[in-house]
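Subject: Handover of a structure

Hello,

I am passing a structure on to you. Please open it first and keep it beside this message while you read.

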Amino acid sequence: MVTRVPIGQSALEVAPLALGANVFGWTADRDASFEVLDGFVRGGGDFIDTADGYSAWVPGNTGGESETLIGEWLQARGTRDRVTIATKVSTHPEFSGLAAANVRAAADASLARLRTDMIDLYYAHFDDADTPLEETVAAFSELVDAGKVRAIGVSNYTAERVTEWFEIARAGGYHLPVALQPHYNLLERDFERNGLRDVATDENLTVFPYFGLAKGFLAGKYRDAAAAEQAGASPRAGQAVGYLDDRGRSVLQALDAIAEREGVEVASVSLAWLRQQPTVGGPIASARTTGQLAALLASMNLELSDEDLRALSAAAA
């Protein structure tokens, strides 16, 4: 039985794994996206993470493709009440930044694409230095008051700016954030040292790290440079092999040993390590095909021992 995770002090509660939907409309077409979403829910998942900018970087795309596919799936399957949807604002080409008017317009556009009347968790995707933080904080809070958003999250903010968000929100009587989305995995450990984990602890923020598998490297997919050049390799393969140094090989060796002993895939071990870190509610991981889902879903029930956790951390030191 999967242990469910409360998101901060909100009423939201999810299974401890978010399906990253950044691949929908990019490396996964409509049929593949629907199959992955079906398999994810069938396997016990209920938390989907997307953004209004996914996947504007693909030639021919305009942004919002991921949300559109999710909305079509929600309508086709009638699953809206069974899943929690997180999306983000600031990177859509038509809704860039976090000015109040833009946040309001972007939220309405996301609601339309998702074919729903409420966003469960709405993130400020990237900090906007050109907009006063007071304006952004107020705009997000107003969306909650309007019934368009259930809870607020922040992503890619420094610890200092997250702290400032809370100071402004408390002073103005605004709704407080409940979730934090940083770059964090077994090989990317700045989150532990840059003050963000301390802020998450102090403010009861539930953390959902992205790039939980280090662009596929922590799934054991890329063990030499040639693997990244094979037909069918992910577009991120070239970035993933950047981890292929002595430290990366040490981590793979430690992961392999645990995966073999437990009879699971390397990806499951990597995600379980992340899920069991302080403040983390669950990692975010994406799947282009249903074949990639099993390892992700298995991570939700894999409990690593304290010895295993220490061994992995030591290998990545």
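Below are notes on the sheet, the cores, the aromatic pairs and some backbone details.

Please bear in mind that this is a predicted model.

The sheet

Eight strands make up an open sheet, in the order S11-S10-S9-S8-S5-S4-S3-S12, and their pairing is parallel. Its edges are strand S11 (206-207) and strand S12 (284-286), each of which pairs on one side only. Helix H1 (residues 30-42) packs on this sheet, where it touches strand S3 (18-20) and S4. The direction of H1 makes about 170° with that of S3.

At the S11 end, strand S10 (residues 179-181) pairs with S11 in the parallel sense, over two bridges. Ala179 has Thr206 in S11 as its bridge partner.

How many residues of strand S5 (residues 84-89) are buried? Six of the six are, so the strand is largely enclosed by the rest of the structure. In general, side chains in a regular strand alternate between the two faces of the sheet. In S5, both faces are covered: Thr84, Ala86 and Lys88 are buried on one side, and Ile85, Thr87 and Val89 are buried on the other.

S5 has a partner in strand S4 (residues 47-49), and the two pair in the parallel sense over three bridges. Within this pairing, Ile85 of S5 is the bridge partner of Ile48. Between S4 and S5 the chain passes through helix H2 (residues 65-77), and this β-α-β crossover is right-handed. S5 also pairs with strand S8 (residues 119-124), again in the parallel sense, over four bridges. Here Lys88 stands opposite Tyr123 in S8.

Nonpolar side chains tend to be buried together in soluble globular proteins. In this model the largest nonpolar core has 94 residues, and Phe24, Tyr122 and Trp165 have the most contacts inside it. A second, separate core has 14 residues, including Leu12, Phe47, Leu121 and Phe208.

What does Trp165 touch, leaving aside residues up to four places away in sequence? Its contacts are Ala124, Leu133, Thr136, Val137, Phe140, Ile152, Val154, Tyr157 and Pro177.

Aromatic pairs

A pair of aromatic rings is described by the distance of the centres and the angle of the planes. Searching the whole structure gives ten aromatic pairs. In one of them, Tyr122 and Phe140 have ring centres 5.4 Å apart and planes at 35°, so the pair is tilted. Tyr122 belongs to strand S8 and Phe140 to helix H4 (residues 133-145); the pair links distant parts of the chain, 18 residues apart. Both Tyr122 and Phe140 are buried.

Another pair is Phe217 with Tyr243, where the ring centres are 5.8 Å apart and the planes at 40°, so this pair is tilted as well. Phe217 sits in the loop between S11 and helix H8 (225-229), and Tyr243 in the loop between helix H9 (237-240) and helix H10 (246-262). The pair therefore ties together parts that are 26 residues apart in sequence. Phe217 is buried at a relative accessible area of 0%, and Tyr243 is buried at 13%.

Ring pairs also join Tyr122, Phe140, Tyr157 and Trp165 into a cluster. Trp165 touches both Phe140 and Tyr157, and Tyr122 and Trp165 are among the residues with the most contacts inside the largest core.

Backbone details

Most residues other than glycine have a negative phi, and most peptide bonds are trans.

- The peptide bond from Tyr54 to Ser55 is cis, with omega near 0°. Ser55 is in the loop between S4 and H2.
- Ser90, which is not a glycine, has a positive phi, near 135°. Ser90 lies in the loop between S5 and strand S6 (91-92). Its relative accessible area is 9%, under the 20% limit, so Ser90 counts as buried.
- Thr279 also has a positive phi, near 75°, in a residue other than glycine. Thr279 is found in the loop between helix H11 (266-275) and S12.

Regards

Methods:
Residues are numbered from 1 along each chain as its sequence is written. This is a predicted model: local features need pLDDT of at least 70, side-chain atom pairs count only at pLDDT 80 or more; totals for chains, interfaces and linings use all residues. Side-chain values use heavy atoms; hydrogens and water are left out. A nonpolar core is a set of buried Ala, Val, Leu, Ile, Met, Phe, Trp, Tyr and Cys residues joined through side-chain atoms within 4.5 Å. Buried means under 20% relative accessible area, exposed over 50%, partly exposed in between (1.4 Å probe, protein chains only). Contact means heavy atoms within 4.5 Å. Two strands pair if DSSP finds at least two bridges between them. A crossover is right-handed if, with the strands pointing away from the viewer, the path from the first strand over the helix to the second runs clockwise. Axes are lines fitted to C-alpha atoms, for helices over the stretch in contact, and angles run from 0 to 180 degrees between N-to-C directions. Rings of Phe, Tyr and Trp (its six-membered ring) pair if their centres lie within 6.5 Å; planes under 30 degrees apart count as stacked, over 60 as edge-to-face and the rest as tilted.
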